[in-house]
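Please walk me through this protein structure.

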Amino acid sequence: MRHRLSPWSCLLLCLPLLPSCSSYSPPDALASMSREEVVARMGPPDTERRMDAGSRLEFPRGPYGKHTWFVYFDAAGRASRAEQVLTERNFSRIDVGMTQEEVRQLLGRPGEVQMLGRGRGVVWSYRYENSFCNWFQVELSLQQKVRSAGYGQPPECQARDDRSDR
């Protein structure tokens, strides 16, 4: 015997999950929050980097998320600003010859990493908010330098397009 859930039952089952969505982006009143307060609201960061005048926490929302938040802290350990870094502006700053670490400094951790055949390197892919079903991809050589960068179509979009062609 198969049981079916009514739409109301599904809604009731999903309600407890809604509070977890509130920590997706930095809180509006971020200024002057402590590191501990930010982590309590957003969850553990992927990376913490020391900066000239403080530090930065990185919060990628992947692998299917379309945002990576960098939260900056001053020397006193208080949040000073937050920015979503998966943007066209930052993508345009990726140049051939940049190091893998320089890409990480600009974009954070990739949502997906694919190995290239014959040991030629890797491709880092970043989903981001856009009007099309695109992602930004960075090809890195074995020497961990950018060989090329540009836009592609993620697999879920290719599968959708293949189904609509039938």
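Ser55 is part of strand E2. Helices (H or I, at least four residues) and strands (E, at least two) are DSSP runs, numbered from the N terminus. This is a predicted model; local features need pLDDT of at least 70, side-chain atom pairs count only at pLDDT 80 or more, and totals for chains, interfaces and linings use all residues. Residues are numbered from 1 along each chain as its sequence is written, and side-chain values use heavy atoms, with hydrogens and water left out.

Is Ser55 buried or exposed? Ser55 is buried, at a relative accessible area of 10%. Here buried means under 20% relative accessible area, exposed over 50%, and partly exposed in between (1.4 Å probe, protein chains only). Neighbours within four places in sequence aside, Ser55 contacts Glu48, Arg49, Arg50, Val71, Tyr72 and Phe73. Contact means heavy atoms within 4.5 Å.

Next comes strand E3. E2 (residues 54-60) pairs with E3 in the antiparallel sense, over 6 bridges. Two strands pair if DSSP finds at least two bridges between them. Within this pairing, Leu57 stands opposite Val71 of E3. E3 also runs antiparallel to strand E4 (residues 79-84), joined by 5 bridges. There, Trp69 has Gln84 as its bridge partner in E4. E3 and E4 make a hairpin with 5 residues between them. In that turn, Gly77 has a positive phi of about 85 degrees.

Why is E3 described as largely enclosed by the rest of the structure? Because 6 of the 6 residues of E3 (residues 68-73) are buried. Both faces are covered: Thr68, Phe70 and Tyr72 are buried on one side, and Trp69, Val71 and Phe73 on the other. Over the ring of Tyr72 sits the charged end of Arg81, 3.9 Å from the ring centre. The criterion is NZ of Lys or CZ of Arg within 6 Å of the ring centre and within 35 degrees of the ring normal.

Now turn to the rings. The structure holds 5 aromatic pairs. Rings of Phe, Tyr and Trp (its six-membered ring) pair if their centres lie within 6.5 Å; planes under 30 degrees apart count as stacked, over 60 as edge-to-face and the rest as tilted. One of them, Phe91 with Tyr151, is edge-to-face: 6.2 Å centre to centre, 75 degrees between the planes. Phe91 lies in helix H4 (residues 88-91) and Tyr151 in strand E8 (residues 146-152), so the pair ties together parts 60 residues apart in sequence. Phe91 is buried, at 2% relative accessible area, whereas Tyr151 is partly exposed, at 42%. Ring pairs link Phe91, Tyr128, Phe136 and Tyr151 into a cluster.
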